[in-house]
Amino acid sequence: MARGVAEGVAEPAPRAAEVYRHVQAGEEFREVRREYRRFVFPACAAFLAWYLAYIVAAVTLPGVMDRQIAGPFTVAWALGLLQFASTFLITWLYARHARDRRDRLALGLRWETQDRLR
């Protein structure tokens, strides 16, 4: 029997690393990464800009932020609650984007990797 190769024993690490490097160098892997970046970078930039705009408005425009909308409910409260709503919206959009554009490609890469490791 070959050293390290027995029934039920995992393959040596260099073989697995070789398989993962091959998959990572492939066009399918680059497409998964490209789709990920296409969504995540603009979404993070937009959310960060929205969050910083809220903070800047709270510091520089206290009169506007303290304006009452309904009863004790102020502009600051409304914008603060919209921060939570936008977080949930971005999360939902991310999940939808992943499901529609990346999950199938990533699953294909997973199966390809698993087949190569057998």
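**Close-up views of a predicted model**

**View 1. The nonpolar patch draws most on one helix.** Helix α4 (residues 75-117) gives the largest share of the nonpolar patch, four residues. Helices (H or I, at least four residues) and strands (E, at least two) are DSSP runs, numbered from the N terminus. The patch covers about 690 Å² of surface and is made by Ile69, Phe73, Trp77, Leu81, Phe84 and Phe88. Patch residues have over 30% relative accessible area and no salt bridge, and nonpolar side chains (Val, Leu, Ile, Met, Phe, Trp, Tyr) are joined within 5 Å. A salt bridge is a side-chain nitrogen of Lys or Arg within 4 Å of a carboxyl oxygen of Asp or Glu. Accessible areas come from the Shrake-Rupley method with a 1.4 Å probe; for residues, only the protein chains shown count as cover. Trp77 lies in α4. Trp77 counts as exposed because its relative accessibility is 54%. Buried means under 20% relative accessible area, exposed over 50%, and partly exposed in between (1.4 Å probe, protein chains only).

This is a predicted model: local features need pLDDT of at least 70, side-chain atom pairs count only at pLDDT 80 or more, and totals for chains, interfaces and linings use all residues. Residues are numbered from 1 along each chain as its sequence is written, and side-chain values use heavy atoms, with hydrogens and water left out.

**View 2. Glu35 sits in helix α2.** Helix α2 runs over residues 27-60 and holds Glu35. Glu35 is buried because its relative accessible area is 7%. Its side chain makes a polar contact of 2.7 Å with the side chain of Arg38. A polar contact is a pair of N or O atoms within 3.5 Å; within protein, one must be able to donate a hydrogen and the other to accept it, and residues adjacent in sequence count only if both atoms are side-chain atoms. Leaving out residues up to four places away in sequence, Glu35 touches His97, Arg101 and Arg102. Contact means heavy atoms within 4.5 Å.

**View 3. Other residues of α2 are buried too.** Among them are Val32, Phe39 and Ala57. Their cover includes α3 (62-65) and α4.

**View 4. Thr74 lies in a strand.** Strand β2 (residues 73-74) contains Thr74. Thr74 is buried because its relative accessible area is 9%. Leaving out residues up to four places away in sequence, Thr74 touches Met65, Asp66, Arg67, Gln68 and Ile69.

Key
Patches are made of residues with over 30% relative accessible area and no salt bridge: like charges are joined within 9 Å, nonpolar side chains (Val, Leu, Ile, Met, Phe, Trp, Tyr) within 5 Å.
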